[in-house]
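Hello,

Here is the structure I promised to pass on. My notes follow below it.

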Amino acid sequence: MAECHPVGFQWVMEAKRRGATIIHVDPRFTRTSAVADIHVSIRAGTDIVFLGGIIHYILENERYFREYVTAYTNAGAIITGDFKDTEDLDGLFSGWNSEKNQYEVESWAYEGKEPTPAAGAREQATGEPRSERGQSRAERMDPTLQHPRCVFQILRRHYSRYTPEMVEETCGVPRDLFLKVAKTLCDNSGRERTSAFCYAVGWTQHSVGVQYIRTAAIIQQLLGNMGRPGGGIMALRGHASIQGSTDIPTLYNLLPGYLPMPKASHDGSFEKYIENNRAHGGWWTEFPKYMVSLLKAYFGEYATKENDWAYDYLPHLTGDHSHMTTYAAMADGAVKGYFIMGENPVVGSMNGSFQREAMRQLDWLVVRDFAPTETSEFWKTAPEIERGEVRTEEIATEVFFFPAAAHTEKDGSFTNTQRLLQWHHKAIEPPGDCRSELHFMYHLGRRLQELYRNSTDPKDRPIQHLTWDYPVKGAIQEPDAEAVLREINGFETATGKPLPDYTQMKDDGSTTCGCWIYTGCYKDGRNQPARRKPGGEQDWVASEWGWAWPHNRRILYNRASADPQGKPWSERKKYVWWDEAKGEWTGFDEPDFIKKRPPSYRPAEDAKGIDTISGIDPFIMNADGKSWIFAPQGLQDGPLPTHYEPQESLFRNPLYGQQCNPARMEWMRRENPYHRAWNDPAFPYIVTTYRLTEHHTAGGMTRWLSWLSELQPEMFCEISPELAEEKGLSNGGWATITTARAEIEARVLVTSRLKPLRVRGRLIHQIGLPYHWGSKGLVRGDSANELISFVADPNVSIQESKAFTANIEPGRRARGRRAPTSGPLVSRVEGEAGQWRDLPPARHKQPGKHGVVTIRTMRGEET
Amino acid sequence: MPTGFFTTVCIGCKVCEVACKQWNQLPDDGFTFTGMSYDNSVDLGASTWRHVEFVERPVPLSGQTGGNFSWLMLSDVCKHCQRAGCLENCPTGAIIRTEFDSVYVQPDVCNGCGYCVVGCPFGVIDRLESDGRAWKCTLCYDRQKDQMEPACAKACPTDSILFGEVAELRAKAGERLEQLHARGVKEAYLYGADAAGQPGTGGLNAFFLLVDRPEVYNLPPDPVAPAKYVKESWASLAMASAGLLLAAIGAVWSART
């Protein structure tokens with residue numbers, strides 16, 4: 001965190017000054033470790049064992065917050081008798097369909113009821129309309145937590161083998177150190193104290209990444225650290241406003257406010273779409289209001305009740321369109337044109353040579369950035385061009401480069417990791433032809449409308465009918481960013497009066513809203529994110545600095561900061577409570593609950609909508625109002641986090657026969673060869689990639705600045721003195737790092753900050769690689785991400801770049817071929833890698849479907 | 001009003017280096033990978049007025065768990081000594097003490113003689129190759145004139161660099177030291193906080209909190225402004241001259257007799 005989020009880290013340092021204990025778990029000793037109280041060096045890719053070990057410790061030593069767990073989580077829910085755990089099936093849960101290579105989730109359900117997830121794969125439903133499902137709360141809760149099929153007992157069995165010994169054997173973390181962490185965490189949780197988890201892509205970028213975070217979530221639920229001050233799980237986002245770009249998404253499968261994108265296979269009509277995506281219980285029962293208001297924002301007067309609010313104008317998904325899937329499709333010629341804005345994928349993501357090969361198949365490419373990047377010049381400065389394997393004059397792709405305005409040159413908002421919107425004002429005009437994204441998108445849309453103005457083809461109506469009337473100002477006709485904020489906030493359709501909060505929204509078209517969770521950010525016609533009242537002039541919650549979604553709430557689910565009776569768990573951790581005299585929830589923050597609903601309220605059997613939320617249901621977005629230790633639905637790879645080894649590992653899975661996440665996405669292609677699943681003799685070391693403070697992600701913003709470039713001028717690898725000795729590598733010299741995908745060179749930094757770990761009696765070495773460099777900028781070097789394969793987590797399609805295997809040798813790389821795009825780089829017996837990949841029972845994977853194994857893209861393919 | 005810096009062990013983000021270079025529009029020092037931990041700017045110089053040290057030590061820091069290792073970071077800067085070697089050595093009067101009690105090089109007066117360079121016991125001040133003049137931290141004289149704090153302190157995210165009135169900073173430093181000692185970091189101490197602790201410089205306006213010997217941070221254990229020795233060296237010179245004279249007279253005398 002100190003490395004990549006030094007500004008956010010000021011609060012960690014402040015907490016430390018006030019006596020907080022900082023624990024840092026990382027394969028490397030970093031700038032964070034340098035100021036932490038405890039540093040734990042871990043084998044990359046084994047965090048679920050480490051965190052699962054903590055769960056085991058909590059359960060075996062009775063360290064959980066019993067009252068919190070029984071009242072607010074689904075620990076007491078009884079699961080169907082058909083459910084089988086990974087303990088029973090050697091690494092698979094019940095419901096694995098080896099034909100489809102995915103889980104069928106019926107057996108994970110609460111006994112007698114089908115649940116509705118707040119997020120994730122909502123289409124996992126059986127197809128039965130949700131409104132007819134009845135209440136979604138678990139039929140039976142066992143408050144004693146003793147029922148053999150209740151979540152708590154399933155959890156206990158699931159983690160029964162995640163012992164301190166297993167942690168030591170698997171993660172390379174000494175038992176005593178692990179126990180010290182577990183004890184420190186438990187000692188600092190409960191009524192009087194809370195602990196927080198912070199993570200970043202070190203957890204997400206794995207083939208089982210979502211489950212890493214789920215494991216931390218289970219710990220926080222057991223310890224009662226959710227919805228309370230000083231608790232929670234903080235996702236440290238990698239860029240300014242990347243949180244904003246999931247709220248008002250640049251993701252292919254979401255509409256603003258986490259409303260799902262319609263799917264062609266399921267959501268053929270508005271009615272079906274609503275049925276498939278609303279919940280019967282909890283806050284998502286309000287779903288139709290948000291959707292109708294969004295369609296009113298998109299299509300204005302053309303969205304009417306008669307035409308289902310112009311629902312059919314929305315594009316419908318026909319398959320997976322995530323980054324890797326799209327690039328693979330591009331390589332197969334299925335993608336003709338592509339926009340890349342503020343991204344430099346050939347440096348920033350994975351398997352650069354494959355991505356460049358894909359872009360060579362494009363007809364046209366648009367790149368918007370501050371300066372030409374490796375992506376925009378893939379046809380000119382790429383390694384394969386340098387080597388003469390590909391000739392520039394043979395690439396037909398037409399590339400358009402648009403210079404972008406910096407944040408100081410435009411108005412707008414940043415949404416940061418704590419959901420806080422902060423406005424930034426333009427300080428200077430952008431130079432030359434540089435323009436903001438807002439300018440680019442607005443004028444592109446305006447010109448498209450112009451082009452289609454006279455069309456009579458019905459397919460052009462979505463463009464013709466799109467509301468696209470933002471006021472512009474100044475010589476360059478910059479759209480007014482505040483007008484966009486107003487639309488995001490929403491307003492009464494008839495009067496244009498801004499909505500004060502999302503509870504005011506209706507499903508009859510009388511309200512218009514661009515993003516329901518942001519409603520209130522333009523309350524009273526005032527730019528709320530622009531508020532800058534200093535912390536010293538208000539209380540410690542500082543609710544007048546910026547604006548947090550939803551409804552300016554600083555802590556989500558804060559009903560959980562009070563006990564079931566509505567009293568604070570302790571005076572020290574007092575935050576939101578029930579005021580008996582006034583008959584409402586009150587506190588330091590905006591209560592995240594129905595304001596007038598008393599703790600004693602229990603829904604009637606026939607309750608509908610938000611009336612289903614009981615007075616002790618803090619987690620209102622879940623249909624049952626409880627936080628989910630066990631996720632009966634919504635995840636593609638199991639209801640409980642389970643340790644799977646990375647796609648490429650040094651070891652067999654110590655816990656199960658199933659080696660890797662069975663549901664992971666793989667791309668079995670010539671350009672994307674994999675190593676053996678474990679112990680590949682050609683690749684005996686573990687590699688993990690990361691960022692440095694001095695550079696920003698793929699370097700497009702920092703490698704052009706002399707003051708930053710001089711601080712970290714060259715690509716380097718970090719290795720331990722022991723590995724340097726073993727391989728004859730010298731500090732300051734050169735090393736070549738190789739995978740089956742590519743070969744890169746880097747300067748060598750020998751440091752005790754990396755230390756070999758003892759795992760199952762074997763001394764293993766980990767290599768650290770920052771990934772900032774490329775072929776452009778003031779400082780240049782090879783890109784670490786060239787080494788990484790296309791392999792992904794099934795829930796969010798993110799690549800596995802934090803744990804894979806490689807080889808390292810002294811000296812600079814060969815100037816000849818170093819990427820497999822024109823055939824295997826490493827000679828292999830045909831099919832060898834595949835044979836070693838999975839053990840039974842998920843061995844026979846069927847290729848050809850997205851979400852599991854992709855060989856070649858078929859157009860119009862369904863998920 | 002005397003102002004200065006109190007710099008404590010930091011998180012090594014180097015934003016002070018960048019903020020300093022940006023505000024003062026200093027050039028880069030070239031793009032060289034040194035292989036010395038995360039330190040690629042090496043030392044203070046004519047175009048690097050803030051420099052973050054990275055010290056990898058095979059010893060743990062008190063209170064830390066996780067092996068026999070620690071990594072210390074510290075942002076070094078001109079100390080604006082009470083008794084400044086550079087100022088005392090400057091023959092042209094280019095180096096002055098300002099109303100903020102800081103030591104300031106007037107670029108329009110400096111003739112690039114370089115006497116100040118050898119006068120600094122810390123090796124802070126240096127001449128720029130391109131123009132030959134001597135340059136160093138100005139304690140952001142221009143910003144202070146406008147009631148703004150220096151760029152490095154403004155940018156420091158963790159308040160490891162504190163700017164303020166020297167007396168106040170000393171009080172804060174004392175408190176911080178006590179806190180650390182209470183937390184068990186017994187090795188923490190203040191470097192150059194006053195004349196008693198560092199008589200050779202008369203105390204520093206920019207002083208530091210360290211957790212290891214000064215040499216570990218590339219700081220001299222007992223810095224002395226060279227001009228402090230002027231009286232003694234003149235006296236010994238006089239003594240030596242007198243001695244030589246006596247010897248010469250003696251020699252002539254003895255030769256005669």
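A:Val748 sits in strand 25 of chain A, which covers residues 743-750. Bear in mind that this is a predicted model.

Is A:Val748 buried or exposed? A:Val748 counts as buried, because it has 23 C-beta neighbours inside 10 Å and the cut-off for buried is 20 or more.

Now its surroundings. Setting aside residues within four places in sequence, A:Val748 contacts a run of residues from A:Leu729 through A:Ser730, A:Asn731, A:Gly732, A:Gly733 and A:Trp734 to A:Ala735. A:Phe716, A:Cys717 and A:Ile719 are also in contact with A:Val748. Take A:Asn731 from that list. A:Asn731 and A:Val748 are 17 residues apart along the chain, yet 5.2 Å separates their C-alpha atoms.

Next, the sheet. Chain A has an open sheet of 3 strands, in the order 12-13-18, and the pairing is antiparallel. Which strands lie at the edges? They are strand 12 (412-415) and strand 18 (547-548) of chain A, each pairing on one side only. Strand 13 of chain A spans residues 420-424. Between strand 13 and strand 18 there are 2 bridges, and the two strands run antiparallel. A:Leu421 has A:Trp547, in strand 18 of chain A, as its bridge partner.

Last, confidence. The model has an ipTM of 0.92 and a pTM of 0.93. For chain B, the mean pLDDT is 94. In chain B, 100% of residues reach 70 or more.

Best wishes

Technical notes:
Residues are numbered from 1 along each chain as its sequence is written. Chains are lettered from A and ligands numbered from 1 in the order in which they are written. This is a predicted model: local features need pLDDT of at least 70, side-chain atom pairs count only at pLDDT 80 or more; totals for chains, interfaces and linings use all residues. Helices (H or I, at least four residues) and strands (E, at least two) are DSSP runs, numbered from the N terminus. A residue is buried if 20 or more other C-beta atoms lie within 10 Å of its own, exposed if 12 or fewer, and partly exposed in between; C-beta atoms are placed from the backbone. Two residues are in contact if their C-beta atoms, placed from the backbone, lie within 7 Å. pLDDT is the predictor's confidence in each residue, from 0 to 100. Two strands pair if DSSP finds at least two bridges between them.
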